[in-house]
Amino acid sequence: MAKKESEELTYDKALAELNSILELLQNGQTGLDELAKSLARAGELSAFCKNKLRDIEADVEKFKKSLD
């Protein structure tokens, strides 16, 4: 489930992977051991996305302030 370290994670890639995990979970296409790994990975991806959105929000606020 984990991606290669050399591959740079982006918001879009993280979101796509989260959607794939969700689909696997909804379809019951995973065993118990894989479920634990999938949930851990989903937590990592979710945290990454939240941080990315916070960073973008901060950038937008800086940009808005620069326009004043």
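Predicted model: local features only at pLDDT ≥ 70, side-chain atom pairs only at ≥ 80, totals over all residues.

Visitor: How are two packed helices described?

Guide: Two packed helices are described by the angle between their axes and by the distance between those axes. In this model, helix 1 and helix 2 pack at an angle of about 150 degrees, and their axes are 9 Å apart.

Visitor: Are helix 1 and helix 2 roughly parallel or roughly antiparallel to each other?

Guide: Angles over 145 degrees count as roughly antiparallel. Helix 1 and helix 2 are therefore roughly antiparallel to each other. Their crossing is left-handed.

Visitor: Which residues of helix 1 meet helix 2?

Guide: On the side of helix 1 they are Tyr11, Ala14, Leu15, Glu17, Leu18, Ile21 and Leu25. Their partners in helix 2 include Leu35, Leu39, Ala42, Leu45, Phe48 and Leu53. The residues of this contact divide into 13 nonpolar, 2 polar and 3 charged.

Visitor: Which residues make up the largest nonpolar core?

Guide: This core has 6 residues in all: Ala14, Leu18, Ile21, Ala42, Leu45 and Cys49. The elements that give two or more residues to the core are helix 1, spanning 11–27, and helix 2, spanning 32–67.

Visitor: With which residues is Leu45 in contact, leaving aside its neighbours within four places in sequence?

Guide: With those neighbours left aside, Leu45 is in contact with Leu9, Ala14, Glu17, Leu18 and Ile21.

Visitor: Where does Leu25 lie, and what is its relative accessible area?

Guide: Leu25 lies in helix 1. The relative accessible area of Leu25 is 31%. Leaving aside neighbours within four places in sequence, Leu25 is in contact with Thr30, Leu35 and Leu39. Leu25 and Leu35 are 10 residues apart along the chain, and their C-alpha atoms are separated by 7.6 Å.

Visitor: How many residues apart along the chain are Asn19 and Glu57?

Guide: Asn19 and Glu57 are 38 residues apart along the chain, with 23 Å between their C-alpha atoms. Asn19 is found in helix 1 and counts as partly exposed, at 44% relative accessibility.

Visitor: What may be said of Asp55?

Guide: Asp55 has its place in helix 2. With a relative accessible area of 47%, Asp55 is partly exposed. Between Asp55 and Leu18 there are 20 Å in space, C-alpha to C-alpha, and the two are 37 residues apart in sequence.

Terms used
Residues numbered from 1 in each chain as written. Heavy atoms only, no water. Core = buried A, V, L, I, M, F, W, Y, C linked by side-chain atoms within 4.5 Å. Buried < 20%, exposed > 50% of the residue type's maximum accessible area, 1.4 Å probe, protein only. Helix = DSSP H or I, 4+ residues; strand = E, 2+ residues; numbered from the N terminus. Contact = heavy atoms within 4.5 Å. Axes fitted to C-alpha atoms, helices over the stretch in contact; angles between N-to-C directions. Parallel < 35°, antiparallel > 145°, perpendicular 65-115°, else oblique. Left-handed = near helix turned anticlockwise from the far one by under 90°. Nonpolar A, V, L, I, M, F, W, Y, C, P; charged D, E, K, R; others polar.
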